[in-house]
Amino acid sequence: MLRGGRELWMAFLAGILITGLYAAVAFFTRKIPAAGELFGHALGIFGFILMLMTEVLYSLRKRTRSAHWGRMSGWLQFHIFTGLVGPFMVLLHTSWKFNGLAGATTLLTLIIVVSGFIGRYIYTRIPRTLDGLEIEGTLSEAALRQARRLMALWHTIHIPIGMALFISAFVHVGAALYYATLLK
Ligand code: HEM
Ligand code: HEM
């Protein structure tokens with residue numbers, strides 16, 4: 001269940017492990033890992049793959065009602081886990097420089113993560129089954145209607161931000177591969 005926050009702890013743990021690895025690489029190479037060099041590049045690629053999985057997998061499962069591969073709550077937990085670990089790896093990939101389009105992509109990434117936390121908060125207000133279906137619960141009719149309306153409003157903001165993020169990320173990846181990798 002989302003309420004336990006297990007996915008947040010798992011993401012936190014993964015974050016600590018990745019930070020440890022990052023610190024070790026920085027210590028032995030005596031510099032901040034560059035975005036275009038082996039370790040920094042790998043962080044960008046793996047982080048981006050996790051972000052793509054975040055964008056696609058949960059929506060796919062949510063819309064395939066006939067499918068029974070795993071519970072919705074599990075998929076949402078996985079969505080949140082990859083939605084935190086992916087952006088964190090991408091943040092370490094940036095080498096702490098935020099120029100131009102890549103910088104704007106980082107900002108959009110940050111916004112979608114913050115927005116995710118707001119969505120998680122509203123989502124957990126509504127009583128549900130493990131499959132994500134709304135059920136009768138502790139909320140009064142008026143409070144439930146308000147939470148539903150907030151959730152719908154949140155979707156109309158969160159989804160376009162995600163799309164803008166991936167468009168600018170793909171342009172960054174194309175430009176980075178062309179200018180920083182192929183032309184080297
Ligand atoms: C959402 C995902 C990503 C974000 C937010 C992001 C962000 C950034 C940022 C902020 C920089 C530093 C730019 C600067 O020097 O000011 C950078 C550099 C770079 N990124 Fe990414 N990145 C992402 C994914 C990727 C992926 C998937 C790849 C490779 C396929 C990649 C390849 C590169 C390369 C090669 C550089 C170095 C460019 C250079 O040395 O001039 N990035 N990225
Ligand atoms: C790379 C980062 C992320 C991306 C690209 C992303 C993208 C999306 C998308 C496209 C949806 C709509 C799913 C649908 O209705 O089909 C969604 C829903 C949602 N996301 Fe994220 N998300 C990210 C990170 C997060 C994080 C970090 C959290 C929580 C801390 C989160 C919590 C949620 C919640 C609660 C929903 C609503 C589930 C529902 O209404 O069924 N997301 N996300």
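**Exercise 1. Sort the shell around ligand 1 by class, then find where its residues come from.**

Step 1. By class, the shell holds 12 nonpolar, 13 polar and 1 charged residues. Here Ala, Val, Leu, Ile, Met, Phe, Trp, Tyr, Cys and Pro are nonpolar, Asp, Glu, Lys and Arg are charged, and the others, Gly among them, are polar.

Step 2. This is a predicted model: local features need pLDDT of at least 70, side-chain atom pairs count only at pLDDT 80 or more, and totals for chains, interfaces and linings use all residues. Residues are numbered from 1 along each chain as its sequence is written, while chains are lettered from A and ligands numbered from 1 in the order in which they are written.

Step 3. Ligand 1 is surrounded by 26 residues. A residue is near a molecule if its C-beta atom, placed from the backbone, lies within 6 Å of it. The closest are Ala 35, Gly 36, Lys 97, Asn 99 and Ala 102.

Step 4. Two or more residues each come from α2, α3, α4 and α5. Helices are DSSP runs (H or I, at least four residues), numbered from the N terminus. The largest share, 7 residues, comes from α5.

**Exercise 2. Describe the surroundings of ligand 2.**

Step 1. Ligand 2 has 23 residues around it; Ser 59, Gly 83, Gly 116, Gly 119 and Tyr 123 are the closest.

Step 2. The elements giving two or more residues are α2 (38-63), α3 (72-93), α4 (100-125) and α5 (141-182).

Step 3. The classes are 11 nonpolar, 9 polar and 3 charged.

**Exercise 3. Work out how α2 and α3 are oriented to each other.**

Step 1. Their axes come within 7 Å and cross at roughly 155°. Axes are lines fitted to C-alpha atoms, for helices over the stretch in contact, and angles run from 0 to 180 degrees between N-to-C directions.

Step 2. The two helices are therefore roughly antiparallel, a term for angles over 145 degrees.

Step 3. The residues of the contact divide into 16 nonpolar, 9 polar and 2 charged.

Conventions
Parallel < 35°, antiparallel > 145°, perpendicular 65-115°, else oblique.
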